[in-house]
4 protein chains.
Amino acid sequence: MLRIGMLTSGGDCQALNAAMRGVAKGIFSKVKDVEIYGFKDGYKGLIYSDFKMMTDRDFSGILTTGGTILGTSRQPFKLMREPGEDGIDKVEAMKHTYHKLNLDCLVVLGGNGTHKTANLLREEGLNVVTLPKTIDNDLWGTDMTFGFQSAVDIATDTIDKIHTTATSHSRVFIVEVMGHKVGWVTLHAGIAGGADIVLLPEIPYDLDVVVKSIQKRADAGKRFTIIAVAEGAITKEEAEMPKKKLKELQEKKKKKYPSVAYELAEKIQNKCSQEVRITVPGHTQRGGSPCPYDRVLSTRLGAAAAEMILKKEFGYMVAIREDKICKVPLKEVAGKLKTVDPKAGIIKEAKMVGISFGDEM
Amino acid sequence: MLRIGMLTSGGDCQALNAAMRGVAKGIFSKVKDVEIYGFKDGYKGLIYSDFKMMTDRDFSGILTTGGTILGTSRQPFKLMREPGEDGIDKVEAMKHTYHKLNLDCLVVLGGNGTHKTANLLREEGLNVVTLPKTIDNDLWGTDMTFGFQSAVDIATDTIDKIHTTATSHSRVFIVEVMGHKVGWVTLHAGIAGGADIVLLPEIPYDLDVVVKSIQKRADAGKRFTIIAVAEGAITKEEAEMPKKKLKELQEKKKKKYPSVAYELAEKIQNKCSQEVRITVPGHTQRGGSPCPYDRVLSTRLGAAAAEMILKKEFGYMVAIREDKICKVPLKEVAGKLKTVDPKAGIIKEAKMVGISFGDEM
Amino acid sequence: MLRIGMLTSGGDCQALNAAMRGVAKGIFSKVKDVEIYGFKDGYKGLIYSDFKMMTDRDFSGILTTGGTILGTSRQPFKLMREPGEDGIDKVEAMKHTYHKLNLDCLVVLGGNGTHKTANLLREEGLNVVTLPKTIDNDLWGTDMTFGFQSAVDIATDTIDKIHTTATSHSRVFIVEVMGHKVGWVTLHAGIAGGADIVLLPEIPYDLDVVVKSIQKRADAGKRFTIIAVAEGAITKEEAEMPKKKLKELQEKKKKKYPSVAYELAEKIQNKCSQEVRITVPGHTQRGGSPCPYDRVLSTRLGAAAAEMILKKEFGYMVAIREDKICKVPLKEVAGKLKTVDPKAGIIKEAKMVGISFGDEM
Amino acid sequence: MLRIGMLTSGGDCQALNAAMRGVAKGIFSKVKDVEIYGFKDGYKGLIYSDFKMMTDRDFSGILTTGGTILGTSRQPFKLMREPGEDGIDKVEAMKHTYHKLNLDCLVVLGGNGTHKTANLLREEGLNVVTLPKTIDNDLWGTDMTFGFQSAVDIATDTIDKIHTTATSHSRVFIVEVMGHKVGWVTLHAGIAGGADIVLLPEIPYDLDVVVKSIQKRADAGKRFTIIAVAEGAITKEEAEMPKKKLKELQEKKKKKYPSVAYELAEKIQNKCSQEVRITVPGHTQRGGSPCPYDRVLSTRLGAAAAEMILKKEFGYMVAIREDKICKVPLKEVAGKLKTVDPKAGIIKEAKMVGISFGDEM
């Protein structure tokens, strides 16, 4: 008898269900005597022993569905080791559930925060296998995370639609793209959508350069400018601030602006005669059916995770590198961030087709 | 020789190009000796005599494209009769251009504001034919405007995507839908997207009823609630205010909230334990390729407008009623608004499938 | 206690689930003491008493899903009254199931064939309410059937995609569109996709006119011609044949050609130097999530059917006319076909924008 | 002065325009004194000196458009060296045009056949740079070709739509996917669409295994089976035939069946009680707007090609390997085929989730 726990944690994204289907189908194809415990709402379900037994029927028909059939919740790592309001030591509670159910392994689908906790559970002696889930694509150790390409598709669709209205009205349009502290989605959607200016956390921008780029386009007779800005984009001044001061500033801005696009719009409008408009696709970037790319990727990762479980290879994240599935030790993944390299070929190529990153004219 | 002027005015929307293609193809199919003058950026082009001569090639391949090949601009009717900063009497300027070019007719594509000006030009003796363009579907005299169904499709897609993330996270999600002062897009997208609560300008809502509806769903074990709110939605208190006081209030709110969804979110969050999130698809609702429904509608209206021009029937808006193209006198259209009837069958049917309009429990 | 049977019959289409959800939610919103019996695979389930009890959970989350949760099967009306191989009198068997389960009413979703049987059951004394389901839009008594607009969207998307490859390669492209014996889907998708030639069952075509239209385009420097042909399109010669002879001919052609597009391609290729290519989107036109238009329509029809049931108004099809839900006696619906009127405004308007129907130069 | 010729050859696909835009924008961003000659309809334009001068405006707004603004035609390599009906030595004619226009370089976008000719021109002393264009993804030397992911998206959408109708009707559905002699598109779309059986040229199938797999699903209570078959799929018997005999057989089958799906359907229907249906998305797989993935890839490849031209690095195909742009000598590319490795991880992973390749039970 094989007993497997499974949970999805952190912000939801496309292909979570497809990935779980991959794991389950991979297990069921080799072993009949298996029990899968699905924990509800991320680590919360593991902490409070809230789960449902799952059969192969639960994993049928979910390849194309968005969201997660298990539910999820954001679990800040820092709270894990401290008893919360309810007086419960969360790590001990998770261990307790794991051992009480006599699990052979815990399968965790999540992003950066999730992986910190997963590594902690590994250190505590649990058998853990993880899958790299996030639209942000910022997980170290894998070339690609599932959810990313689906989010790029949606953000690009937004820019495409804005293009037509921008053309008609002669405006500056700012599209704010998700991605947490990294610029992967913005970079790809910006290139794919033909944005004129792309602002990323990894390439701090100079407002004057942005304004001059807009002006240059206007001078060349172009009716409009489209700016794709990452939700984590920062200015050169901000990038050079001491961390503490930056954090204070950001707290202040949070109160003033709903999000970064609003701040940027105000600053540009002050220096620019064209009307400035904002579009924030927001949570739609996490939603809907996964794109075919993500379905293939998540299915492959899921099946490979199943194989690792059957081979009793624990303590790893399943990853893809150079189109091959591989495994990466959790202790190497935890706490690292994969960011866009400002010197990467893709940045240079983007600049060649005329995209400004706001860092230089 | 037939000389036709053409312009698109007001906020852009889908199928403007398809409609102009319909007019042009309809004319070219019957008359060879014709000149079409395309005025740039709405009435502005007519005022300042800024136009381009158009051939059949200009109208080829634009059935599926978004935006308007002529550009557009918002032209507040109230400024029309007063000389602006440039000292120009705009109405006289438009008449001057019309007569100077020896036009037989002016084809105008636009929404409510545009129709007021079009009617004014008619009163001034110009031959005018108009087409009902707006995502808001608020033009009196026609069952349907082009742009509407495309906007419904996009707003519904937003709600669909939010559904998956709402399910995963157990939240209240507010999706703000365009529509100016009427609720057509919100009503249709709300039903099509399976929203739980739909708030329209035509049915003022009671915040307590909204909060109770959320609570009722939570009590019934539903993880989430999705609210589709029209950008023009108002509360019962606001609906009963004197107009002047309401306007003052709305001015005040404009400074505090980026848009109505932010205000509603704040109010609900104050009374509700579930996290509240906002999505504002915004201008994307006007963008992208027109949906097939709008392409058929706009092509039909365009062809019918062509026939009216050839028959020298001027002073009308081309409309569709009971699936038949007809013509409506401009003087009847101008200044009227087509709103959602709170007693219409569709409202009753929506309530039967469990949608709350926030007006009653 | 209210006992309702429900079944979907005939070819599947989009929004069947949405319509059933409308009925069920409409019933549950008013009556608590209700049992819904879902018969499997159309009338077959009623004949062989194969059903499942359904709760409100079965109808949750199906607004956007394709297909039918009940399954369906094609039930040729002519077999209904004759005992089949199994010796069962199907009509008696259906009555038996109905009475055995003590049903108050049978809700039937289907197209033309389905309505004949539904009317037969009504004549036999059963309480029947039907909903107009078909992509073909050929049901008499309703302006619109659900499934139609979704099918138009898919067929239009096919023509859109073919457009780009047609442009690149200088070819004649034939796109075969579903619609059984009527041309509704082809007509709308043809206009929406910008097809150059549209061939409908209701307007028999002359091959020479088709070939001349292609030639005329080539002479005018157009690289390609796109033909949207209805699966039921016929030539003028065929239209004038005695019925029996036509049937024989069609049987013969069925053996020679996979479908009408292959025959047409062969005939055109014989008279035309450009390469001719075929695309048959086929069953995809019935598949996938219903478009927002169909979701609204089917929800409204479903809710209205619920109200009819609660009011004990039986023997009707729920319909939409002039955007209002109404009821049409089943005896009037059964056996009639709603076809495209060759003299309708939409045909004239389509001709004005240059579409050839192959009937005249 | 820099003089560049450009042409697109072979079957069209998505992102051809995006790639040319990348090249042109990349060149214009560095050099002002440049002339771009666009040859029409592939090598034909080079042979017959049929071209148009292109400015930066020609490359604006084409990132998202399907097809190719230059047109294309299939140019069988074998005819290149022999004078055709018109007595012209095609290679000499191409050289003549190249030298007459005093070109510095010829940019060629195409697939396998195109690359053979491009290499031939290189051998003849022309400066050639190529870009890997094909939905088939069968070009040796690059991890990915543009067009591939867009085709996968469309084929997957077809399978998705068929899923709903398959579920409703209890049928076997065969979806025929493009890919010429390789199985890349079918493999990826098959996994992404959740096909039950996937038949590839690289893994010859056994009809009995296919039929048994269908039976096995039926026995397990699954209503339907979906088969994704590559247009180039072959049986084990065929794979073992001498080449000449196989060719004869294939010629014979071409006369009998419109395409491989029809043959497969007939064979399965003979051994299987469930109804078998066919869907052939065909040329739609090449059409429409490129997906964001292809837009990014083609833009990067285009920009990199521009840089190679500016550095006078000729005789290469621009490629992507391990997410980095690189260059591959044309002589290495020409005549090679990149096929799916039956032992690749992705095949194993697909089998783990239950996909049958028809090679073993």
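Between domain 1 of chain A and domain 2 of chain A, 4 residue pairs are in polar contact, both residues at pLDDT 80 or more; a polar contact is a pair of N or O atoms within 3.5 Å, where within protein one atom must be able to donate a hydrogen and the other to accept it, and residues adjacent in sequence count only if both atoms are side-chain atoms. The count of salt bridges between these two domains is 0, a salt bridge being a side-chain nitrogen of Lys or Arg within 4 Å of a carboxyl oxygen of Asp or Glu. By class, the side of domain 1 of chain A that touches domain 2 of chain A has 3 nonpolar, 5 polar and 4 charged residues. Here Ala, Val, Leu, Ile, Met, Phe, Trp, Tyr, Cys and Pro count as nonpolar, Asp, Glu, Lys and Arg as charged, and the others, Gly among them, as polar.

The model is predicted: local features need pLDDT of at least 70 and side-chain atom pairs pLDDT 80 or more, whereas totals for chains, interfaces and linings use all residues. Residues are numbered from 1 along each chain as its sequence is written, chains are lettered from A in the order in which they are written, and side-chain values use heavy atoms, without hydrogens and water.

The domain assignment of chain A, automatic or from a database, gives domain 1 (2-147 + 288-333) and domain 2 (151-286 + 341-352). Their C-alpha centres lie 33 Å apart. In contact (heavy atoms within 4.5 Å) are 12 residues of domain 1 of chain A and 12 residues of domain 2 of chain A. The two domains bury about 940 Å² between them, 45% of it on carbon and sulfur atoms; buried area is the accessible area (1.4 Å probe) that two parts lose on being put together, summed over both.

Attention now turns to two chains. A rotation of 180 degrees with 0.0 Å of shift along its axis superposes chain D on chain C, with RMSD 0.0 Å, by least squares on the C-alpha atoms of residues with pLDDT of at least 70 in both. The two copies are therefore related as by a two-fold rotation axis. In chain D, the C-alpha of Pro281(D) is nearest the axis, 2.9 Å from it.

The contact between these chains takes 33 residues from chain D and 33 residues from chain C. The area buried between them is about 2,300 Å², 55% of which carbon and sulfur atoms give. Across this interface the rule finds 2 salt bridges. Arg223(D) forms a salt bridge with Asp41(C), with the closest N and O atoms 2.8 Å apart.
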